[in-house]
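Colleague: Please zoom in on one part of this model for me, strand by strand. Then carry on to whatever else you'd check by eye.

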Amino acid sequence: MAEPKKLYIKTYGCQMNVYDSERMAEAMGGKGYVTTDTPDDADMILLNTCHIREKAAEKVYSELGRFKPLKKAKPDLKIGVAGCVAQAEGAEIMARQPMVDLVVGPQSYHRLPELEAEAQKGRKALDTDFPEELKFEHLAKRPKARRAPTAFLTVQEGCDKFCAFCVVPYTRGAEVSRPVARVLEEAQDLVERGVREITLLGQNVNAYHGEAEGGAWGLARLIRKLAEIDGLDRIRFTTSHPNDMEDDLIAAHGDCAKLMPYLHLPVQSGSDRILKAMNRKHTAQQYVDLIARIRAARPDLQLSGDFIVGFPGETDEDFEDTMRLVETVRYGQAYSFKYSPRPGTPAAEKDAKMVAPEVASERLTRLQELLNRQQFEHQQAMVGRRASVLFEKAGRLEGQLVGKSEYLQAVHVVAPDSLIGQIAEVEITEAGPNSLGGRLV
Ligand code: SAH
Ligand code: SF4
Ligand code: F3S
């Protein structure tokens, strides 16, 4: 029998890309491809790219450059670019890097096998349409193999919010939700294959409104239904927008035991002036009040967030408002970025005053110091407490396993391999900035 062809996929960007890469690998599995961990022996290389900041997008071209010798040594090697850079730049990618055979945007992944066939015939293949049909419902089914205890499941894609800085509404398109029945089917299948924790994904996952009998369901109703699946023990969702945080979803944090006490709820800035310029459509106080309501429902909930510093026009006073908001809210974890102007977005088109790079860097350093301090405090507060840990894989040291607490913290424990895929009580004995250590109770 001929050796199967090998597919190397490198994934950048958000969790949705991770999910998409997995689905693309499965679709190509139907064409006889198996995945490989190295580009060196691959017959096809696929970069699943991110366009969110300039650095992320530029990485793609330097990575492509590195494949040149491989393509030279093996002219049959096919190179493809998928993801948000593919959507944003389309045919320009092939103009800039002629060894690229195939470009496919995020809404066209179900056409990847046809595009690969085109490329095999020596033709350049490109698809960056936003087709009517939903890609997931047309992608090949997953093989029934066992898999890791945690999985992503995309339930919603795209965004209608148009924050002034952000490319996502352009690269992922308008907001679409998958029908409830499809989501339940996929969740059931994952659980049958050993998955204990599912993270529901969407660019604005809490705007979910999936078609069901009797009308559309919101995210809270979907979560409650998923919670009925035997063997599914943990549910998470990401990423949410504050304006879509409806009452029943807040309530679910209080009364749905399988919904984990962790919420990623980006605010971007603590200044009303900047929030307005960003088109976030809420004030800092509204966000703070919202957090109070969520915490009233689930007092031990840990919050995560995203922040942008140096948005055009941001003054020292605006930045201090962000620092104050962080002090007020207190985050268990957070991501922060320097503003990066993105072609085609309103903020980049307007000639508002750019913040000097050294000022933006200094603000970012200060904000990150504060966020890191809060994260470390949250880590240390776990010492002496019990956490329930879902073990995922072998840890760094011999005999150790690593898993996640209900608050999404990494926990290292000496434990037998048989606990992989199981949830166990752990007494936390030590805390580092990014992980915890403990012993089985
Ligand atoms: N849908 C999510 C995530 C969007 S992208 C949300 O609404 O929050 C993830 C994060 O990248 C954003 O929350 C924002 O903090 C950051 N980001 C997006 N565009 C950016 C830009 N142009 N410059 C810097 N950071 C950006
Ligand atoms: Fe981007 Fe804003 Fe949509 Fe999030 S809500 S994806 S930041 S436009
Ligand atoms: Fe990046 Fe696209 Fe995700 S721009 S963050 S890969 S939606």
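Modeller: Start with strand β10 (residues 197-201), which pairs with β11 in the parallel sense over 5 bridges. Pairing here means that DSSP finds at least two bridges between two strands, and strands (E, at least two residues) and helices (H or I, at least four) are DSSP runs numbered from the N terminus. Keep in mind that this is a predicted model: local features need pLDDT of at least 70, side-chain atom pairs count only at pLDDT 80 or more, and totals for chains, interfaces and linings use all residues. Residues are numbered from 1 along each chain as its sequence is written, chains are lettered from A and ligands numbered from 1 in the order in which they are written, and side-chain values use heavy atoms, with hydrogens and water left out.

Within that pair, Ile198 stands opposite Ile235 in β11. Strand β11 is largely enclosed by the rest of the structure, because 5 of its 5 residues are buried (buried is under 20% relative accessible area, exposed over 50%, partly exposed in between, with a 1.4 Å probe and protein chains only). In a regular strand, side chains alternate between the two faces of the sheet. In β11, Arg234, Arg236 and Thr238 are buried on one side, while Ile235 and Phe237 are buried on the other.

Thr239 sits in the loop between β11 (234-238) and α11 (247-255).

Further along, there's an open sheet of 3 strands in the order β12-β13-β14, paired parallel. Its edge strands, β12 (262-264) and β14, each pair on one side only. Neighbouring strands in this sheet are turned by 10 degrees against each other on average, direction ignored. Strand β13 (residues 302-309) is joined to β14 by 6 bridges, with Ser304 partnered by Gln333 in β14. Lying across β13 and β14 is helix α16 (residues 357-380), at about 175 degrees to β14; contact is heavy atoms within 4.5 Å, and the axes are lines fitted to C-alpha atoms, for helices over the stretch in contact, with angles from 0 to 180 degrees between N-to-C directions.

Lys281 is exposed, at 60% relative accessible area.

Now the ligands. The residues around ligand 2, meaning those with a heavy atom within 4 Å, include Cys159, Cys163, Cys166, His241 and Arg280. That shell has 7 nonpolar, 2 polar and 2 charged residues (Ala, Val, Leu, Ile, Met, Phe, Trp, Tyr, Cys and Pro count as nonpolar, Asp, Glu, Lys and Arg as charged, the others, Gly among them, as polar). Around ligand 3 you'll find Cys14, Asn17, Cys50, Cys84 and Arg172, among others, with 4 nonpolar, 4 polar and 1 charged in the shell.

Asn17 is also one of the buried residues of α1, a helix with 11 of its 15 residues buried.
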